[in-house]
Each structure stands twice: as structure tokens, then as C-alpha cells.
Amino acid sequence: METTIKDVAKYAGVGVGTVSRVINNEKAVGEKTREKVLEAMRVLNYSRNNMAFRLRKNETRIIALLVPVINHPFFAKLAYYIEDEASQYGYSIILVSSQQKVDKETEIITKIKHREVDGAVFVTHYMHDEDELQNCPIVSIDRTFGKNIPYVTSDNYDATKDALRFMIERGAKRVGFIGSRPLVASEVMERERAYLDLMAECGMTPRIVNEVIEHGDEKVVVADFMKKYSDVDGVFVSGYTLSQVFYEAATEQGKRIPEDMQIVSYDGIFKQWGTSN
């Protein structure tokens, strides 16, 4: 016969409510009592029925992580850290690749509203109406949906300026910018603004290619940039994949990094070269 919470309470000599508080890790239980209950659970080999518990609590303990693609190093690293953090609070992560289809993102929003998942971390290339996201526990990354929807971003403007100054202080005189413009308004757009502002402040000619790029088309954009601005000696690259493609193209042309050309990039860079931000 399966051990019940009543069996645990009887063995430990406490009430069922006390056992429940220990299981739910509530603080209103003395340490000695908590140990008695935990010992009873070990002896009786008791484990909570998580499915029943979630039904009673009306929660799934599941968070969706929505990313445009899963074969991108930045999103892979992001998923690793989010899963690691969520597990410390007893949550599981389901990874959803929207494949840059707005319908898949709308499906996740519907699942939240139907309580099929408890919430979501959104990395999206699309704009959703703030009203659509009301009462949905969603955290957006690098994109604002309205004052009531929380989002996480870096200080794109000042960080970009700092990175550019870093190169200029180390001798770069012809500094370029290569980026991937988001489909909708995003904090990432602050990087281009910072670049143009600093070029104006320093009296330097902008050398920029920043356009919407489909994942996989980075080589075409890099080739276009290098053809237009073959004289650059410092480049700010807006993201990881572009920076790797640009680095490979520069070295193929015989450029030494950072002696002949400095490169600074956003996102996590696994391969160490030149300077990275």
C-alpha cells in the first residue's frame, strides 16, 4: 500500500498540517520538528505526488523559454543559465524555437493563459500588443511591450560607446559598425545610435552596415561590409555570429587581430581573439 501524508504524520508524531508545511518548505516549522518529519519520509519512503500537488496549487512549475532559433550560440548559453536558475526554485524549462514564426509565439501566450505553463521568458523578433500580454507572467529580453510588461536588457548605448572608445584609445582611426537590425523596435537599436553619436563626437566618418539579417545570411552581409569599407582598422560587431563570420573573413584576407584590425563584439564569445565585450 502506498504511503500517505497521514502515515508520515503518525510516524513523526505531528499533525498532517505540519508535514504539509515541511513538504512545501515553509519556514513556520521548528528545525527539530522538520528533521523528525524528514526522517519519517525517508524511513517510510514517502514522496509527494507532484501532479496532484500542481493541480491543487493550479500551477505546473514549468516555464517556457521562447527563442527565435536554437542553433545560435547566444540562445544556447542563455538557455543553460535560465534552466540552471529555474531548477533552484523547483521549476522546469521547456525550450521553444519560434523559428521566427509569430504564430508559435502566440501559441505560447495561449498556453500561459490556459495555465499549461506558468510563464515564459520571451526572446522575440515580433511585436505583440500589450493588451494581449496583460496578466501573462512574461519577461521579455531586449524588447519592450509596454510599461506593465517587465523586460531585461543591457545598457546598450553606453556599453557600445565604451567599446568604441576602447578601440579608438588603442589607435583605431577608421572604425566601422556591422550589425543585424531587429524587425521591430528593440533596445539593440541603441547600439547603432551610440556608434553614430560617437563618430560625430570624434569627427570620424561612419562606416556602417546594419540591416535585417536572416540567420544564415551573415556571410553575405560581412562580404558586403568588407567590400564597402576595406580600410577599416577597428570594427564594432553587434552580435556573436556576425563577429565569428567577420573574424574568419578578416583572417582569410591576412588581417592580424588585433594588430591590423581590432574587433569588439556583443554577446558571449567562446573563442578568444582581440578584445571582446
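Which residues are buried in H3? In this predicted model, Arg34, Val37, Ala40 and Met41 of H3 are buried, where buried means under 20% relative accessible area, exposed over 50% and partly exposed in between, with a 1.4 Å probe and protein chains only. Local features need pLDDT of at least 70, side-chain atom pairs count only at pLDDT 80 or more, and totals for chains, interfaces and linings use all residues. Residues are numbered from 1 along each chain as its sequence is written, and side-chain values use heavy atoms, with hydrogens and water left out.

**Helix H3**

- Helix H3 covers residues 31-43, 13 residues in all, and spans 18 Å from its first C-alpha to its last, close to the expected 18 Å; the expected span is 1.5 Å times one less than the number of residues.
- Helices (H or I, at least four residues) and strands (E, at least two) are DSSP runs, numbered from the N terminus.
- Arg34, Val37, Ala40 and Met41 are the buried residues of H3.
- Seen down the axis of H3, the buried residues fall within an arc of 125°, so they line one face of the helix; the arc is that of the directions from the helix axis to the C-beta atoms.
- Glu31, Lys32 and Arg42 are exposed on the other side of H3.
- Helix H1 (5-12) and helix H2 (16-23) are the elements against which the buried residues of H3 pack.

**Crossing of H8 and H9**

- The axes of helix H8 (residues 156-169) and helix H9 (residues 189-202) come within 8 Å and cross at roughly 45°; axes are lines fitted to C-alpha atoms, for helices over the stretch in contact, and angles run from 0 to 180 degrees between N-to-C directions.
- H8 and H9 are therefore oblique to each other, as angles under 35 degrees count as roughly parallel, over 145 as roughly antiparallel, 65 to 115 as roughly perpendicular and the rest as oblique.
- Residues making the contact include Tyr157, Leu164 and Ile168 of H8 and Ala194, Tyr195 and Leu198 of H9, with contact meaning heavy atoms within 4.5 Å.

**Backbone features in loops**

- Most residues other than glycine have a negative phi, and most peptide bonds are trans.
- Asn45, in the loop between H3 and helix H4 (50-57), has a positive phi near 55°.
- At 67% relative accessibility, Asn45 counts as exposed.
- Asp142 has a positive phi of about 65° and lies in the loop between strand S4 (138-141) and strand S5 (151-152).
- At 16% relative accessibility, Asp142 counts as buried.
- The peptide bond from Ile257 to Pro258 is cis, with omega near 5°.
- Pro258 belongs to the loop between helix H11 (240-252) and strand S9 (262-265).
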